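Let's take a walk through this protein together. Keep the sequence and the 3D view side by side as you read.

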Amino acid sequence: MHSPGSRSWMQPALGAVLFLLAAAPGADAQTTADRDAVLATVQTLFDTMAARDVEGARRVMVPDGRFYAMEMRRPTTTLQSFTNEEYFEQLRRSRQTHRERIWNPEVRVHGLIATVWAPYDFWTDGTFSHCGVDAFDLIRTADGWKISGGAFTVEATCEPSPLGPLTQ
């Protein structure tokens, strides 16, 4: 047993352990390619939404996923929930053009899972609808990254988008 005053032996050992963990093949080493692929999947979802492309959306989402929306534009926050399959049906029925944009995304990748957290704005037929924060969950499959679900806020006012007004 070492006395409380003799911890100097721990610093080199701790440093070696941390170095080995960081260099280990299984370490959480997010690459630029991982980040780009995850963000491309989210962008594809937005593109399919704007095009009302149900089959395209199916290619980037798992059918049994689920989303949670926190509606915050009213005095009392309400929770709305829908499955990815319910989203596909709503997209199929939609006659409006929806555009969603994110900026400054925080992307985390660890092996077969990833998350994207980002502020967003949402436009319907070219008119601002709402804004908030998106939190997407993704999984890596044999066919690439797929959106398994997530959560988002629905707010009337947010920090101004650095993307500026929507341009068609």
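We'll begin with what a pocket is. On a 1 Å grid over the protein atoms alone, a cavity is a set of points where a 1.4 Å probe fits but cannot get out, while a pocket is an open set with protein on both sides within 12 Å along at least five of seven lines; lining residues have an atom within 4 Å of a point. Grid points are joined across faces, edges and corners, and a volume is the space filled by probe spheres set on the points. With that in hand, the largest pocket here holds about 570 Å³ of space. Its lining counts 24 residues, and F82, Y87, Q90, F122 and F152 lie nearest the centre. Two or more lining residues come from each of α2, β1, β2, α4, β3 (98–102), β5, β6 and β7.

A word on ground rules. This is a predicted model, where local features need pLDDT of at least 70 and side-chain atom pairs count only at pLDDT 80 or more, while totals for chains, interfaces and linings use all residues. Residues are numbered from 1 along each chain as its sequence is written, and side-chain values use heavy atoms, leaving out hydrogens and water.

Now the overall layout. The protein chain has 4 helices and 7 strands; these are DSSP runs numbered from the N terminus, helices being H or I of at least four residues and strands being E of at least two. Along the sequence they read α-α-α-β-β-α-β-β-β-β-β. Of the 168 residues, 34% count as buried, meaning under 20% relative accessible area, with exposed over 50% and partly exposed in between (1.4 Å probe, protein chains only).

What sits inside? In soluble globular proteins, nonpolar side chains tend to be buried together. Take M61: beyond residues up to four places away in sequence, M61 touches L45, F67, N84, Y87, F88, K146 and I147, a contact being heavy atoms within 4.5 Å.

Helix α4 deserves a look too. Its buried residues are N84, Y87, F88 and L91. They sit on the same side of α4 because they cover an arc of only 100 degrees around the axis, taken from the directions from the helix axis to the C-beta atoms. Their cover includes α2, α3, β1, β2 (78–83) and β7.

A polar atom of its side chain lies 3.3 Å from the backbone nitrogen of Q96.

Next, find D121 in strand β5 (residues 113–124). Is D121 buried or exposed? D121 is buried, with a relative accessible area of 4%. Its side chain makes a polar contact of 2.6 Å with the side chain of R101, and another of 3.2 Å with that of W123. A polar contact is a pair of N or O atoms within 3.5 Å; within protein, one must be able to donate a hydrogen and the other to accept it, and residues adjacent in sequence count only if both atoms are side-chain atoms.

Finish at P162, in the segment after β7, which is exposed at 58% relative accessible area.
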